[in-house]
Number of protein chains: 2
Amino acid sequence: MTGASDDSGPRTADPPASSAHVAEKLALAIHEHRILPGTKLSEDEVGEVFGVSRTVVRAALQHLSHDQLITLRRNRGAFVAQPSIPEAREVFEARALLEPRTARSAAERTAPADLTRLQAHIDAEHAALAAGEVGRAVYLSGQFHIEIARIASQDTIREFITQLVARSSLIIALYWQRRSALCESHAHSALMRALAAHDGTLAEEVMQGHLLDLVSSLDLQNRAAAPRSLHEVFGGR
Amino acid sequence: MTGASDDSGPRTADPPASSAHVAEKLALAIHEHRILPGTKLSEDEVGEVFGVSRTVVRAALQHLSHDQLITLRRNRGAFVAQPSIPEAREVFEARALLEPRTARSAAERTAPADLTRLQAHIDAEHAALAAGEVGRAVYLSGQFHIEIARIASQDTIREFITQLVARSSLIIALYWQRRSALCESHAHSALMRALAAHDGTLAEEVMQGHLLDLVSSLDLQNRAAAPRSLHEVFGGR
DNA sequence: TGATACATTGTTGTATACGATCCCGCAGGT
DNA sequence: ACCTGCGGGATCGTATACAACAATGTATCA
């Protein structure tokens with residue numbers, strides 16, 4: 001109410017404006033590095049942006065907090081999470097446990113329609129890179145991994161991988177080192193070929209190597225990167 | 001509100017009654033089979049029991065919903081989840097991916113204090129079984145698995161295992177077949193011995209076998225168990 | 001001049017109020 | 001007798017109001 005229909009700006013107020021919707025939008029923005037780690041997400045502010053009350057914002061923030069995308073500090077507010085270096089290692093260790101075996105399962109049941117979608121992901125990722133939208137490329141790259149879990153028909157594991165991929169996006173935002181074009185695309189293509197050939201063993205190996213490459217592209221030795229301050233993040237905002 | 005101190009019955013109104021506290025209490029009750037799958041958790045009712053408002057209850061329910069311990073249905077309410085047979089399989093497949101390797105890691109860094117705690121868990125489990133408290137035994141059995149992830153110093157994976165163990169408890173409530181005393185205790189002891197010997201390979205194997213045993217003790221073929229109704233669950237309430 | 005204590009302000013935590021949606025039971029028609 | 005449309009009751013979804021806490025800025029004192 002209160003004339004939420006027009007409001008000032010963004011899309012807002014499509015139909016129901018459920019909390020899940022707000023959470024999704026925020027998650028996407030974080031995933032695409034449109035909101036950087038450490039940023040404060042004030043309830044009032046978010047509510048105003050999306051044209052909803054603090055109640056629904058609060059629910060959305062709690063949801064994101066549970067995915068460890070944001071950190072909720074009592075009486076202080078919500079902040080985009082800043083995974084520490086140990087946490088970053090753990091995330092990729094968890095991925096190393098889950099994804100290779102899942103890729104194997106996926107290879108054994110890949111259908112033609114799946115390959116079409118995977119190719120679409122890769123194409124979109126290339127397009128985003130060509131357009132200079134690095135954040136979006138990171139997001140799409142993550143979606144590729146999630147898609148593989150979907151092919152494996154493992155919803156539970158897919159849920160976990162979804163969380164890990166989202167956190168990986170934060171980790172990339174914090175510890176990305178090698179800004180050379182995402183060579184991952186190559187790995188993704190190789191993975192897709194392994195799936196097309198129904199070669200589970202190969203898919204598992206490729207995925208394992210891909211994840212190792214990803215970790216090695218991060219700077220997880222330098223301990224100075226962790227206590228990154230807000231001012232540092234924002235540059236000179 | 002106000003005057004929630006005495007109320008009618010249960011513990012209620014300890015001190016602050018934060019939403020996390022309510023969620024934890026509910027989770028424990030579900031975990032111990034004090035609340036059975038399919039049970040409706042009305043916001044008003046839960047709020048009254050714990051002496052808090054619907055706001056905090058809602059937050060707690062959302063938290064549990066995210067862990068898939070309860071199912072939230074729009075305008076219908078919250079119900080304790082009833083994992084389907086495919087979901088049950090997925091849960092144990094995920095555990096099979098995570099836990100054996102985690103047990104291996106744990107074995108390589110088990111400290112004396114860890115063994116003490118593990119033994120305490122096993123003892124408590126035996127005591128619960130001796131007292132006929134099957135639900136509590138199931139809970140403690142799950143905590144044992146979580147403790148292993150803690151020893152492995154893998155907080156992220158531990159979080160996942162915590163979720164999976166909780167869901168496993170629901171699955172056991174629904175599909176438990178072999179009511180013979182939980183032979184798991186034996187497996188847990190074997191696991192502890194492997195950890196004490198720092199034998200990672202053995203620990204991994206024992207854990208894998210233990211999980212397979214667990215699955216085989218369930219009835220995941222019978223499809224009639226799924227659509228269990230509320231009245232059936234409650235008997236004649 | 002520097003440090004501490006206090007008042008102020010802003011933000012979150014919780015409770016309550018109102019509106020929307022859905023389920024259940026009943027009247028009426030075919 | 002069965003099916004269909006409608007109304008009552010209850011529950012959830014969202015918004016708002018008040019209270020508590022933390023952070024900040026200012027004034028006073030050593």
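**Close-up views of a two-chain model**

**View 1. Glu90(B) meets the backbone of chain A.** The side chain of Glu90(B) reaches the backbone nitrogen of Asp155(A) at 3.0 Å. The model is predicted. Glu90(B) sits in helix α4 of chain B, which spans residues 85–107. Leaving aside neighbours within four places in sequence, Glu90(B) is in contact with Ser153(A), Gln154(A), Asp155(A) and Thr156(A).

**View 2. Glu90(B) is buried without a salt bridge.** The nearest side chain of opposite charge belongs to Arg167(B). Arg167(B) is 6.1 Å away. A salt bridge requires a side-chain nitrogen of Lys or Arg within 4 Å of a carboxyl oxygen of Asp or Glu. Glu90(B) has none, but its side chain does reach the backbone nitrogen of Asp155(A).

**View 3. Helix α7 of chain A is mostly covered.** This helix runs through residues 155–175. Its 21 residues reach 29 Å from the first C-alpha to the last. That is close to the 30 Å expected at 1.5 Å a residue. Of the 21 residues of α7(A), 17 are buried.

View 4. A rotation of 180 degrees superposes chain A on chain B, with 0.0 Å of shift along the axis. The RMSD is 0.0 Å. The two copies are therefore related as by a two-fold rotation axis. The same surface serves both copies: 100% of the contact residues of chain A recur in chain B. Among the residues of chain A, Leu97(A) comes closest to the rotation axis. Its C-alpha lies at 3.2 Å from the axis.

Methods:
Residues numbered from 1 in each chain as written. Chains lettered and ligands numbered in written order. Predicted model: local features only at pLDDT ≥ 70, side-chain atom pairs only at ≥ 80, totals over all residues. Heavy atoms only, no water. Helix = DSSP H or I, 4+ residues; strand = E, 2+ residues; numbered from the N terminus. Expected span 1.5 Å × (residues − 1). Buried < 20%, exposed > 50% of the residue type's maximum accessible area, 1.4 Å probe, protein only. Lys, Arg positive; Asp, Glu negative; His and termini not counted. Polar contact = N/O pair within 3.5 Å; in protein donor to acceptor, adjacent residues only side chain to side chain. Contact = heavy atoms within 4.5 Å. Least-squares fit on C-alpha atoms with pLDDT ≥ 70 in both.
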